[in-house]
Amino acid sequence: MEKAEKKIRSYITRAGRESPSQKRALEELLPEYGCMAEEGVPLPLDSWFPERSSLVLEIGFGMGEASVEIAKSRPDCSFIAVEVHKPGIGRLLNEIEREKLQNIRVVQGDADIVVNSMLPPESLSGVHVFFADPWPKKKHHKRRLLQARFLGELACRLAPGGYIYAVTDWEDYAYWILEEAGKVESLKNPSRGFSPPIAWRPRTRFEKKGLDKQHSIREIWLEKV
Ligand SMILES: C[S@@+](CC[C@H](N)C(=O)[O-])C[C@H]1O[C@@H](n2cnc3c(N)ncnc32)[C@H](O)[C@@H]1O
């Protein structure tokens, strides 16, 4: 009998338990402001955002501070924020309720499932990936989220002219992403390398950690051809 292929994941379940308020949010607010990632079940985009004009997917929002700031500063745009880390999901759900945000919804689970089986082709105007786990050891590079395969899958979900905006503080990962993006025919890199910093992006929690370690911040902006 053939052994079932083990899925290579871009994340590990991080330690850290939800606070009672985050736990309540996961139980009570997720059905209201989001859903679980479920293979083959389309996201309810029309009921979440009946009048959407542009739709942006954020992958790996961590504790979600930047997600809230961006959603508040761009009320014209709708956001889907995907994460596996439960305390962060609970925190973002609480913020959505507190701030009464109508333009951001949360998906709990693996972004691979969301991108490949829950979103229609050409439905996105942008993708944000801020400080993806760098997986620095060579033997772990296969776990890096932003590799050619996944970038190609993201490109399929982007409308023409749509963008992928990635930021990292790991120099080696930054160059690796550029190289991987170069393998995807449907993506172009208008800066032909790293892009200049984008003014509207708030500083994230992991960015602060990187800056404390004197890491340089690298920005990558790709566009669907
Ligand atoms: C290094 S943290 C960065 C968090 C946040 N963007 C920031 O800058 O503070 C990367 C996050 O991506 C999440 N992540 C990694 N792979 C993921 C996947 N396939 N689907 C959803 N989330 C993922 C991890 O759980 C983690 O919270």
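A disulfide is here a pair of cysteine sulfur atoms within 2.5 Å. By this rule the structure has zero disulfides. Cys77 is in no disulfide, and the nearest cysteine sulfur, that of Cys35, is 18 Å away. Cys77 counts as buried, at 0% relative accessibility, whereas Cys156 is partly exposed, with a relative accessible area of 44%. In these terms, buried means under 20% relative accessible area, exposed over 50%, and partly exposed in between, with a 1.4 Å probe and protein chains only.

The model is predicted: local features need pLDDT of at least 70, side-chain atom pairs count only at pLDDT 80 or more, and totals for chains, interfaces and linings use all residues. Residues are numbered from 1 along each chain as its sequence is written, and side-chain values use heavy atoms, with hydrogens and water left out.

Lys224 is found in strand S8, residues 218–224; helices (H or I, at least four residues) and strands (E, at least two) are DSSP runs, numbered from the N terminus. Lys224 is buried, with a relative accessible area of 10%.

The interior may be considered next. In soluble globular proteins, nonpolar side chains tend to be buried together. A nonpolar core is a set of buried Ala, Val, Leu, Ile, Met, Phe, Trp, Tyr and Cys residues joined through side-chain atoms within 4.5 Å. The largest such core has 41 residues, of which Leu43, Leu57 and Ile80 touch the most other members. Residues up to four places away in sequence aside, the contacts of Leu57 include Ile80, Val114, Leu124 and Leu154. A second, separate core of 26 residues includes Val56, Ile96, Leu101 and Tyr163.

Grid points are joined across faces, edges and corners, and a volume is the space filled by probe spheres set on the points. The largest pocket has a volume of about 890 Å³. Its lining comprises 45 residues, of which Arg14, Glu83, Phe131, Ala132 and Asp133 lie nearest its centre. Helix H8 contributes the largest share of this lining, four residues. The second largest pocket has a volume of about 240 Å³. Of the 15 residues that line the second largest pocket, Lys7, Ile8, Arg9, Asp112 and Arg149 are the closest to its centre. There is one cavity of 30 Å³ or more, and the largest cavity holds about 40 Å³ of space. Among the residues that line the largest cavity are Glu58, Phe79 and His128.

Most residues other than glycine have a negative phi. Lys100, not a glycine, has a positive phi of about 50°; Lys100 is placed in the loop between helix H4 (86–99) and strand S4 (104–108) and is exposed, with a relative accessible area of 65%. Trp135, also not a glycine, has a positive phi of about 40°. Trp135 lies in the loop between strand S5 (124–130) and helix H6 (148–157) and is buried, with a relative accessible area of 12%.

Technical notes. 1 Å grid on protein atoms, 1.4 Å probe; cavity = no way out; pocket = protein on both sides within 12 Å on 5 of 7 lines; lining within 4 Å. Contact = heavy atoms within 4.5 Å.
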